[in-house]
Amino acid sequence: MRRTFASTLAELAVDDERILLLTGDLGYMALEPFSDRFPRRFINVGVAEQNMVGMATGLAEAGFVPFCYSIATFASLRAYEMIRNGPIAHDLPVRIVGVGGGFEYGHNGLSHYPLEDVGLMRIQPGMTVIAPADFEQARAAVLATWDNPGPVYYRLGKDDTTKVAGLDGRFETERVQLIRPGSDVLLLTMGTAAIDGLGAAERLQEAGIEAAVAVVATLSPPPTDDLVRLMSGYPLAATVEAHYVNGGLGSLVAETIAEAGLSCRLLRCGVRTTPDGHSGSQGYLHGLHGISAEQVGTQIAAALS
Amino acid sequence: MDASAVRRIILEQSKRANVGHIGSALSVADIVWALYDRVLRISDPADPERDRFVMSKGHAVLALYAALHLRGWLSAEELNTYAADATLLGMHPEHRVAGIDFSTGSLGHGLSIGCGSALAARLSGSPRRTFVLLSDAECNEGSVWEAAMFAAHHRLGNLVAVIDMNGQQALGYTRDVLDLSSMADRWRAFGWDAQDVDGHDPDQIAGAIARSDRVEGLPRVLVAETVFGKGVPFMEGELRWHYLPISDEELAVALDAVSETAV
């Protein structure tokens, strides 16, 4: 999604001179589609995320649309107060682009695992929060939201080749995209966990359980109407996310069920403990934290039995 | 008119609202007035081409309200809502107030905003300048130095920082909390054109900003030596005036003192 983001932004920048790309010294082999084409509008601020976001506030006040790029932990956590007191407080079109949701930087350890970024961004009123499931949806999401009047947080994956089956690059703000039909249980997925959700659905099918899978790519403003409509038809919904279960999609869906008074039960598949220092591949870590396709399938089967 | 008018407003409004932060506002009164009376190019606070001002030490905002009022951009009625219910004139700047460019309050944020503002002017080919007022203790914040590095590396010559060196911070003297001595040298080491000035001499402040012998292209910092509570002898250098509101008796003495020092 990183490279797709950069090339999409470069396309937009041809026609709109307000677009700037700032980076906290990250984006090797990712941002070149933009930086090669617009060297004057590409600003490496150095390893200084707080300053990057603070600057973006000053740039946006003067009419620019700055995109602030870093690994999602640094872009969201290190700069959080600058995001809150800057673009959110001033309602300015600053874009925070966090790369590597969940365990995508698997071998790099906890410092590189954004597990709370969506929660932190989602609780800020006025912040649009987007977590695409694949690179095609990332492109559609950037095209649909880059010029929003207020701030936007993008949680982007690293993968620029894997397509989520059934998604076909669809994106609409405040909508949920259904990518697989099924009548027994509804899986609601965020970001690249859509792939784990689809894998779980295939395993469940072998056990005779028909699982629908949907992608929730807009976390704020929430796609409440779609969520309520979809969940009304199922006895069980399961959220699947590479994020702590508190704050992210699991919380959003729990809030939606409670506020709409739905009878649907909820199973939240996500991260429940602080990673203990054992690192490994993304697949290994999904397994360790119970969000692999197999484990999600097992949890859902148990909840339905 | 001079900064004594700013000081009178600071004292009267603090009394009316029964709130503190008086010492800090008095400390920057001359700096803020020098900027608004002689330096900032602002024909209309809504003009996109105006100079920008970031009050990074937001807790001294009453000096800014006073300057905006004296410039005619903030009515007496509005000023009299300072620190009242339902006002936009709180104890830190709010950008929804006409004439206030940025909301601040969390120290260490303003110089970054200023860098962005100055860079925006350069990218747009605009001659507008950006001024940022920092407190000395604000330089405890690491983010200030992130911004300092950026401004020097990118030679933001349209950016001016002024540091209110009153030597005090919330719980003590800066020399006892985190020593800030040789402040101008610190900024020079970061690549800035740094100059020590008397922070209570508007001529020096305005002159330092206008001076022609400077190295072109470097961001500038004025290290402005100030006295906390300046102009009111019983407040000068006294930490408690970061917190305390002022009594009727104290107000009378303070206003007398401010009038006597008026130029």
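Mentor: The model is predicted. At the place where the chains meet, 21 residues of chain B are in contact with 19 residues of chain A. On the side of chain B that touches chain A, the elements giving two or more residues are α5 (110-124) and α6 (142-153) of chain B. Of these, α5(B) gives the most, with ten residues.

Now to other parts of chain B. Helix α3 of chain B, residues 61-70, is mostly covered, with nine of its ten residues buried. These buried residues are B:V61, B:L62, B:A63, B:L64, B:Y65, B:A66, B:A67, B:L68 and B:H69. The cover over them includes α1 (3-17), α2 (22-39), β1 (52-55) and α4 (76-79) of chain B. After α3(B) comes B:G72, which has a positive phi, near 90 degrees.

B:V223 belongs to strand β7 of chain B, residues 220-225. Apart from neighbours within four places in sequence, the residues in contact with B:V223 are B:I163, B:M165, B:M183, B:A184, B:A194, B:Q195 and B:D196. B:R8, by comparison, is 215 residues away from B:V223 in sequence, and the two C-alpha atoms are 25 Å apart in space.

Turning to chain A, there are twelve helices and twelve strands. The radius of gyration of chain A is 19 Å, close to the 19 Å that the globule rule gives for 305 residues, so chain A is as compact as a globular protein of that length. The C-alpha trace of chain A spans about 60 × 40 × 30 Å along its principal axes. Of the 305 residues in chain A, 57% are buried. Among contacts in chain A with a separation of 6 or more, 78% are between residues 24 or more positions apart.

One sheet of chain A can be described strand by strand. It is an open sheet of five strands in the order β7-β9-β8-β11-β12, with mixed pairing. At its edges stand β7 (177-180) and β12 (265-271) of chain A, each with a single partner strand, so one side of each has no neighbour in the sheet. On average, neighbouring strands of this sheet are turned by 25 degrees against each other, direction ignored. Within the sheet, β8 (residues 185-189) and β9 (residues 211-215) of chain A run parallel and are joined by five bridges. A:T189 stands opposite A:V215 in β9(A). Helix α10 of chain A, residues 249-260, packs on the sheet and touches β8, β11 (236-244) and β12 of chain A. The direction of α10(A) makes about 145 degrees with that of β11(A).

The buried residues of α12(A) are A:A293, A:V296, A:G297 and A:I300. Seen down the helix axis, the buried residues of α12(A) fall within an arc of 100 degrees, so they line one face of the helix. An α-helix has 3.6 residues a turn, so residues three or four places apart point the same way. The buried residues of α12(A) pack against β8, α8 (193-206), β9, β11 and β12 of chain A.

Methods
Residues are numbered from 1 along each chain as its sequence is written. Chains are lettered from A and ligands numbered from 1 in the order in which they are written. This is a predicted model: local features need pLDDT of at least 70, side-chain atom pairs count only at pLDDT 80 or more; totals for chains, interfaces and linings use all residues. Helices (H or I, at least four residues) and strands (E, at least two) are DSSP runs, numbered from the N terminus. The radius of gyration is taken over C-alpha atoms; the globule rule is 2.2 Å times the number of residues to the power 0.38. A residue is buried if 20 or more other C-beta atoms lie within 10 Å of its own, exposed if 12 or fewer, and partly exposed in between; C-beta atoms are placed from the backbone. Two residues are in contact if their C-beta atoms, placed from the backbone, lie within 7 Å. Two strands pair if DSSP finds at least two bridges between them. Axes are lines fitted to C-alpha atoms, for helices over the stretch in contact, and angles run from 0 to 180 degrees between N-to-C directions. The arc is that of the directions from the helix axis to the C-beta atoms.
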